[in-house]
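Welcome! Please take a look at the sequence and the model below, and then read on for a short tour of some of its contacts.

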Amino acid sequence: EEQRRRLRDRPDQPRSPRALRIAIIGAPNAGKSTLCNQLLGRKVFPVSRKVHTTRCKARGVITQEDTQLIILDTPGLTNPLKAKRHNLEEAMLTDPWDSMKHADLVLVLVDVSDHWTRNALSKEVLKCLSQFPHIPSVLVLNKVDILKKKFLLLEIVTDLTEGIVNGKKLEVKSAFKNNSSSSAKSPLQISECSAPEGRAPESPCGQERGQAQEGSDLGDSSGVRGAKSSPVTEKAQGPKHYEPKDLRNMKGWPHFQEVFMLAALQGEEVDTLKQYLLMQAKPGRWEFHSDVLTSQSPQEICDNIIREKVLEYLPLEVPYSVTQVTEMWEEGECGELFIVQNLLVPRKSHMRMLIGRGGKVISKIAQEAGQDLMNAFLCDVRLKLRVEVKG
């Protein structure tokens, strides 16, 4: 009831409100929801190692002083064939595109630990960017802590940006490749950026470039810098329109304004990205009351967290066929929450897998989901899960 009231309340607009709507897109399992949770400071979006954990678009809200960020966490960009294989709703195909239509800025998240995909943006991501070339975009390289050979980051950046960031060509010194032990904790700020209108020039771009030079080998020694010539920037002529045939030969997107490197799971450098996003906000009215953290209802958060655990503990495609039905949702006299949910599976063999020998699997799912729900709702939660065969 309190969450419903918060969502109904008119936003408590400050005198000079600023706002920014941010769409986070990328391939499935790139870490979009993990990044959203880190930016929000609390786990409200489901996260697992399996693809397609996020099943629909959801909003996270960050309100800081006079600025409000609306983060649009979207399902991973996929195609109809993969959607059918994983029993995905139609919304999984359309939600990322809908989020782009309403975004002021788009973050493209890439998992650099996946050596099969890290050197090229997926065709779905490129298609999405090419359909909305007027929306400013930022490249975010995630899971850099897992990458042992840090010099590969320069190669990845070059591939994913087509060698151009903020309208400037990149230069890479081959000598840097001899040093494989360099740190990648600081984000790689390649392009120069100016402070937003009406703000003092305190952009984290300049600050982080200095930090990178002091605390990491990804400063000037990285050999990445703007070319000496003065190329025509996007602001002057705007990104060109790309036809489908153009995208076939493209590995990256040459219109990113910035490049960030971080480890979302560990929270490394997430605050730097958050400060950057706050500075990109433009004058505009807030959409939510400052008490709102997410547009999701408590029931949606509960369903998502339980599904996350089911995805973690069931093999292959099995968890995608589980249907969740909440039987009881009651608040006790002391503020504790009692939840009973049925998990419906299509086959008895799936039921045995979900229950586990001696009930160990379902007990572990209930225990871990209950703990996450307590952290999300900030109250005691008693969660009971039942497993049944459908129909």
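**Helix packing and aromatic pairs**

Helices α2 and α10 are roughly perpendicular to each other, a label for angles of 65 to 115 degrees. This is a predicted model, in which local features need pLDDT of at least 70 and side-chain atom pairs count only at pLDDT 80 or more, while totals for chains, interfaces and linings use all residues. Residues are numbered from 1 along each chain as its sequence is written, and side-chain values use heavy atoms, leaving out hydrogens and water.

**Where the helices meet**

- Helix α2 (residues 32–40) packs against α10 at an angle of about 75 degrees, and their axes are 10 Å apart.
- From α2, Leu35, Gln38 and Leu39 meet Val270, Leu273, Lys274 and Leu277 of α10, where contact means heavy atoms within 4.5 Å.
- By class, this contact of α2 with α10 has five nonpolar, one polar and one charged residues.

**Aromatic pairs**

- The count comes to two aromatic pairs, with ring centres within 6.5 Å and planes under 30 degrees apart called stacked, over 60 edge-to-face and the rest tilted.
- Phenylalanine 260 and tyrosine 276 form a tilted pair, 5.1 Å centre to centre with 55 degrees between the planes.
- Phenylalanine 260 is buried at a relative accessible area of 0%, and tyrosine 276 is buried at 2%; buried means under 20%, exposed over 50% and partly exposed in between (1.4 Å probe, protein chains only).
- Tryptophan 329 and phenylalanine 377 form an edge-to-face pair, 6.2 Å centre to centre with 70 degrees between the planes.
- Tryptophan 329 is partly exposed at 26% relative accessibility, and phenylalanine 377 is partly exposed at 22%.

Methods:
Rings of Phe, Tyr and Trp (its six-membered ring) pair if their centres lie within 6.5 Å; planes under 30 degrees apart count as stacked, over 60 as edge-to-face and the rest as tilted. Axes are lines fitted to C-alpha atoms, for helices over the stretch in contact, and angles run from 0 to 180 degrees between N-to-C directions. Helices (H or I, at least four residues) and strands (E, at least two) are DSSP runs, numbered from the N terminus. Angles under 35 degrees count as roughly parallel, over 145 as roughly antiparallel, 65 to 115 as roughly perpendicular and the rest as oblique. Ala, Val, Leu, Ile, Met, Phe, Trp, Tyr, Cys and Pro count as nonpolar, Asp, Glu, Lys and Arg as charged, and the others, Gly among them, as polar.
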